[in-house]
Amino acid sequence: MTSRDRASQGIDPLAPRRRTVVKAAAATAVLAGPLAAALPARAADDTPAFLHGVASGDPLPDGILLWTRVTPTAGATPGSGIGPDIEVEWVIAQDKALTTVVAKGSVTATAASDHTVKADVRGLQPATDYWFRFSAGGTDSPVARTRTAPAVDAVVPGLRFGVVSCANWEAGYFSAYRHLAARSDLDAWLHLGDYIYEYGTGQYGTRDTVVRPHAPAHEILTLADYRTRHGRYKTDPDLQALHHKAPVVAIWDDHEFANDAWSGGAENHTEGAEGTWTARQAAARQAYFEWMPVRPAIAGTTYRRLRFGKLADLSLLDLRSFRSQQVKTGNGGVDDPDRTLTGRAQLDWLKAGLQSSDTTWRLIGNSVMISPFAIGALTADLLKPLAELLGLPKEGLALNTDQWDGYTDDRRELLAHLRAHAIRNTVFLTGDIHMAWANDVPVDAGTYPLSASAATEFVVTSVTSDNLDDLVKVPEGTVSAVAAPLIRAANRHVHWVDTDRHGYGVLDITAARAQMDYYVLSDRTRPDATSSWARSYRTRSGTQKVERTYDPV
């Protein structure tokens, strides 16, 4: 867009250009009214309240991390930095009525931690359902369910995880969370990044209609801003319901910080005008760890490993904190061995963990797609919006440099390691791209399928964030019907891609296979959206290949 074009649309031609409609231009916002969220009733006085629900995360065989945020007085809102210290008690029991208590304790909530608290409870039994509650000043939180991981050496018949990513508050309601919460069979749920978005109201893809406005209304930059945004998300009744039903295992991607974040900055950050990246990154990190039930294995990052008996371990990656800056134009630089996505220490940690694993399955929580992707012979009317969706230059670049495609030396080293050590049953679980995919991960995409597949990958679509049909503003399924066959023709390792729909996944694992069931939503803009099964793909043990299966588990 030229400066004249930008000015004609009411955009300051001198302002930094931002991708704000699914990493594209800003949409015109139409505010749809006040926040539609069911909050607990609150007394007119300063009785403490649990307005943001409770949550649990990072299950261990003997422990679980419990979380809540207490509002001690009416004015002590998220990000306010005010409010008195208050003692918060917690209790965990074997039954929902909390009569068989197995552990209890207390922790002090202070303004210094935005009145969020965590209790890292140990001494629990493996593979066991528990219920927990917080209390403060005579007020009780809701009672929520959680579950511990199986014992390290347990022979586990099966595991089932919900899988989600990319939830833009302004684009719609979080019905995907509600439908996962309605299930009674989840051991945990995985959030693969973009739990929140950093943009101001109307600045990010909503198909020209802001369904419900952000708080704060401006782009978040400061610690108070990030706290306020996390607080707004935690008022969502569907998100609260899922947190109340099962433990979460979460990693961050870029929007927990700013669009296309890397170790030294972000596409959606203007150094100086928006403060320093160092300060903004530190604020985002602090708010994330305050507001999320995440137990960082290495201070300030989200890479860590969880084990679920002898059936699976789960390596969780941080692909923002250590990466080199994305290549901006042309293909040059993507193969540079001095550029990294993971950082040396994290890649070595991942390789060592995969090689030493004695579980049947090696799962990798991976925020950006590892499978190579060439755009191929897409027509101009599809190439332009797809390039916008992926944040690519509109011409001449057939890969997404924010993904592993932009850091091919790291990918080559990791896949060569899997092959050299005959490491089987590695499954990447991925978000970010706002589309659903089922992929083999080829050692050499150019000669596939004659060359080997080193792993498989299941990519889940967005909860609400714009995908291709939203960007083009056509009926759902219109773009995918044309684009999917062309994408598959140019990428023979891709078994399926759905470019248009919103939803979630359910990953079911047995010793024989890992299967992803893909579910889609009827309408992201409706709080009562229905859910339906769309497709299922599995990888059978020892094959390193994806195949379609015709029924959900």
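Author: Strand β6, which spans residues 129-136, is mostly covered, since 6 of its 8 residues are buried, where buried means under 20% relative accessible area, exposed means over 50% and partly exposed lies in between, with a 1.4 Å probe and protein chains only. Strands here are DSSP runs of E with at least two residues, helices are runs of H or I with at least four residues, and both are numbered from the N terminus. This is a predicted model, in which local features need pLDDT of at least 70 and side-chain atom pairs count only at pLDDT 80 or more, while totals for chains, interfaces and linings use all residues. Residues are numbered from 1 along each chain as its sequence is written, and side-chain values use heavy atoms, with hydrogens and water left out.

Two strands are said to pair if DSSP finds at least two bridges between them. On this basis β6 pairs with strand β3 (residues 86-93) in the antiparallel sense over 5 bridges, and within this pairing Phe 134 of β6 stands opposite Trp 90. Strand β8 (residues 144-147) is also an antiparallel partner of β6, over 4 bridges, with Tyr 130 bridged to Thr 146 in β8. Strand β7 (residues 139-140) pairs with β6 in the antiparallel sense too, over 2 bridges, and here Ser 135 has Asp 140 opposite. The hairpin of β6 and β7 has 2 residues between the strands, and Gly 137 takes a positive phi near 55 degrees in this hairpin.

Positive phi values also occur in residues other than glycine. His 115 has a positive phi of about 60 degrees and is placed in the loop between β4 (101-109) and β5 (116-121); with a relative accessible area of 1%, this histidine is buried. For Asp 260, phi is near 55 degrees, its place is the loop between β11 (248-250) and α5 (277-291), and its relative accessible area of 7% makes it buried.

As for the peptide bonds, the one from Ala 215 to Pro 216 is cis, with omega near -10 degrees, and Pro 216 belongs to the loop between β10 (188-191) and α3 (223-233). The bond from Tyr 448 to Pro 449 is likewise cis, with omega near 15 degrees, and Pro 449 lies in the loop between β16 (436-442) and β17 (453-459).
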